[in-house]
Structures are given as structure tokens and as C-alpha cells.
Amino acid sequence: MNEEVIAKQAYYSLIKGEGFNKDFNNILLKALDSVSDGISFCDKDGYLLYVNNACCEILGTNKEEILNKKVDTLSPDKPMLMEVIEKKKSIIDVEYFWNFEGKRTHLINSGYPIIDEEGNVLGAIDIFRSIERSRELANTIAGHQAFFMFHDIVGEDSRLKEVINLAKIFSKSDESILIFGETGTGKELFAQSIHNYSNRKAKPFVALNCANLPNELIDSELFGYEEGAFTGARKGGRPGKFELANGGTLFLDELGEMQIHIQAKLLRVLETMCINRIGGNKPISVDVRIIAATNKRLEDLVEEGKFRRDLYYRLKVLFLEVPPLRERGEDVAMLADYFLKKLASKGNKHIKGISSRAKEMLTVHNWQGNVRELENTISRSMFICEGDLITEETLIMAGLKETDYEEVVRKDSIKINRSILIDTLKLAKGNKKKAAEILGISRPTLYKFIKKYNL
Ligand SMILES: Nc1ncnc2c1ncn2[C@@H]1O[C@H](COP(=O)(O)OP(=O)(O)OP(=O)(O)O)[C@@H](O)[C@H]1O
Ligand SMILES: [Mg+2]
């Protein structure tokens, strides 16, 4: 039996004294008092005949205060129950603000008329819940959750480790965080891990990609709109990402793409923690932690007049820079093994590993698309590979070009010849990290030379 049926039956039984004995009535009353949705009935003139416990809790009142009162004397706005009675029609799941004794409660409300066999309205039933509970449910269904944690971030590179440590410290504050990094470096992975490491982990993680939407839509996506705000606005209005993320984290991806006038609004929200829906005049307070990501240097955009300086200063306090994959040395091979294992568990079980020459080739590649490109390369290679080992040939067939390697080596070979390299390696006692430092080149470049000179 759903709540509407229980409530209707209770109306007939309790109010009209029909059908059931006293014991059953008591059970019914207890049943209504144990649900967490607010339930009330009124008669055809709008006098409240019944309210359950949850109704009083949600509205912040008690039974004595509202029972037998006329609903339209309890709120300055027209109560939904009066509309249901007038129109003899149900109104289902609409957003509703109940103003009572100076307190404003934000609800999702449904009203149903009670009509007898002759078609006369006897009264109406109201069933409602707080907006927070409805949102939690919506978030669960819509998948507003973060899946990744810090331990999912694969890599031993010291710069990456530093960023992880810093990100863990930042997780504990409520300040906005700005993550910078080339495409595919793992910015979203970081954003989700931060959320899951923070006190907000049980609350929603809502993401908005500022590059995927035209700017007019970003506005309504972020702040929501009221019914009738513009042509095509949905009946009952719609909450924006800020409201959906309430209590949790809002991840603004590709923030550099956001237009200046929306940046101004965003800054205002960060300062006041209050939003105004488009076409609305009631400010709604929110508690949201912002994590923004960009692959463009915002300071350059500020110089070009495309990004507000004040917003940039506000966001850059907690700043994380995820290093590009080409600068993470041995992490490339480690990630390649990791993706191989991950993908093998989803099929492709015949592939046992990656040859050491192939790993070298991966290590010296330029990785413009960073970890995402590496993952795709491994995935394609596994698909193409006929033997049980991914080799250089497999990688080339999978689209990895050798040209990068040649170019990098040619550019630097003016200053590094074979004997310099041998001397430096001796000096560094074979420690490649140190040798690279002495020569002033990155570790992957060093590997390229070792390969070039067959050392
Ligand atoms: N260190 C890592 N360990 C494991 N997987 C990673 C790592 N870094 C990135 N990935 C994976 O690489 C892919 C790209 O990562 P992500 O989407 O976080 O990058 P991004 O920086 O947000 O890229 P873009 O700027 O293009 O949006 C994802 O599938 C992610 O899981
Ligand atoms: Mg991303």
C-alpha cells in the first residue's frame, strides 16, 4: 500500500468513521505517525483534520498549533490543498515553499483531492518531504557521486606524490581549490579523491563541464530557474547544480571556458554562499565546496581579459598543478602495466605483459594526451596484439609514433654526445635521475639518449 492509499483510507476511517474498528484505526494512526513524509488532511473548506508527526517536525510546529485551523490562515501564500480542492485535481511532486511564523521551509509536495462516488470533493490530502531528502534521493539516482580515491592514483613520481600530499591537506578545508594540468593528467581523478577524503564525502559530488555547454545554459545549469523564467522553462522550475551539490562538492571542469558575466555571478556566490535562481527573487543559501579544473593557465587568460582577476585570486589560494605524464619518468611504464592488468581483467586475458623495448618506447613518447592517451594506447595495443607480449611493433600498429622520439633527441644532441653521456653516467654512479639533473634534461630525455647511443 502506498502512502496515498493509506492516507485516503485513514481519512475515511478516522474522519468519516467508516469501515474499520477502533483497533484498526489505532494501527492506522501509528502507521501514519511512523512514516517520515509529512501527511495532513483537510476537509472541503480547508480545515486541517489530521497531521502526522513528520508533518509537525518538517514544519517546525506541533499538532495543537495547527489542527482544526484553516490551511489558508497558516501561510501567507495560497496553500496547495486549497488549489487541489478548487480544481478537484491532484498536484504531484512540485517544489513548494511553506512560510509559517516567519520560518520558510523548502518542500517537495503532492496534494490529492478526496472525491466521493457522486464526484463531490470531501477534502484533500497533502504528502510532502523536505527538499534535502528529495535531493539525496535524486543524487543517488542521477549518480552524483565521486568514485575515485587517492589510492587509485597510480604513480611514484616525486612531484605527483607531492601533489597528492598537498591535495590531502587541502581536502580538510572548505576553501575553493584550483587544479591545473594538461588534458588527461588526472584532474578529475584528483577532484573526486579530494571530495572522498573530505568531510563532505557522504554528500553529493556534482560536476559541470563549462566547455560542453553554451554559456546561456551554464547559467541555468549552475543557478537553476523558476517556473516561467524564460520560454520553455519547466513547470515548477528547476534547481541548479549549486542546489544539487548542497552540503557536498561542485566540480567545475574547464573553468577557463566560462564567460566573464557568469564568472561575476560565481564570484558573488562564493562570497555570499547564496544563489538566486534565474527569474527568482528568493535567495537560497547553499553550502558548497568548489573544485575547479583548467588546462589553460588562468593568469594568461586574466592578462588577455578573458578571466576575472578577482575570481582568479579567490581560486588560486589552494592551487594544485598535476605534472604532465612525459615528466613523470618511470610512472609511464608503471601506468602501462596497471592499465594492462585492469583491461585484462575485462577480457583480453591472453596478453601477459609489455616487452622492455616497448616500455622504453612508451617512456620516451611525448604523451600530449597524457594518461588518457596512454590508457587508450594500451587498450588499442591489447586489441591488436596477437601474441602474448606487447612489442614495439604492436605499439606502432596501435598508432604510437616514433617521430617524437627522433625529434627530442635531435633537438638536444647538439649539447650531448656519447662520451659526455658516458662520463655523466659514471659521475652519477649509474643513477639516472642524478645524471639527468647534471645534464639539465628530463629523465625521459635521458632514456632517449641511452637508447640512441645503445648504452
Ligand atoms: N595517476 C593515474 N592513475 C590511474 N589512472 C589515471 C591517472 N591519471 C589519470 N588516470 C585516468 O586517465 C583518464 C583521464 O583522467 P582525468 O579525466 O582525470 O583527466 P583530466 O585531467 O580531467 O583531463 P581533461 O583535462 O581532458 O578533462 C581517466 O580515465 C583516469 O581514470
Ligand atoms: Mg577532466
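Predicted model: local features only at pLDDT ≥ 70, side-chain atom pairs only at ≥ 80, totals over all residues.
Visitor: Which residues does the "domain: PAS" annotation cover?
Guide: Residues 24-77, according to an unreviewed UniProt entry.

Visitor: How much helix and strand is there over 24-77?
Guide: That stretch is 41% helix and 19% strand. Its end C-alpha atoms are 36 Å apart.

Visitor: Switching to rings. How many aromatic pairs does a search of the whole structure find?
Guide: Seven. One of them joins F41 and Y50, with ring centres 5.1 Å apart.

Visitor: Are F41 and Y50 buried or exposed?
Guide: Both F41 and Y50 are buried.

Visitor: What about Y312 and Y313?
Guide: Y312 and Y313 also form a tilted aromatic pair. The distance is 5.6 Å centre to centre, with 45° between the planes.

Visitor: And is Y312 buried or exposed?
Guide: Buried, at a relative accessible area of 11%. The cut-off for buried is under 20%.

Visitor: Which residues form one aromatic cluster?
Guide: F150, F190 and Y197.

Visitor: What lies over the face of Y197?
Guide: K172 does, at 4.5 Å from the ring centre. So Y197 belongs to the cluster with F150 and F190 and also has K172 over its face, within the 6 Å cut-off for a charge over a ring.

Technical notes. Residues numbered from 1 in each chain as written. Chains lettered and ligands numbered in written order. Heavy atoms only, no water. UniProt positions renumbered as here; feature names shortened; annotations may be inferred. Helix = DSSP H or I, 4+ residues; strand = E, 2+ residues; numbered from the N terminus. Phe/Tyr/Trp six-rings, centres within 6.5 Å; stacked < 30°, edge-to-face > 60°. Buried < 20%, exposed > 50% of the residue type's maximum accessible area, 1.4 Å probe, protein only. Lys NZ or Arg CZ within 6 Å of the ring centre and 35° of its normal.
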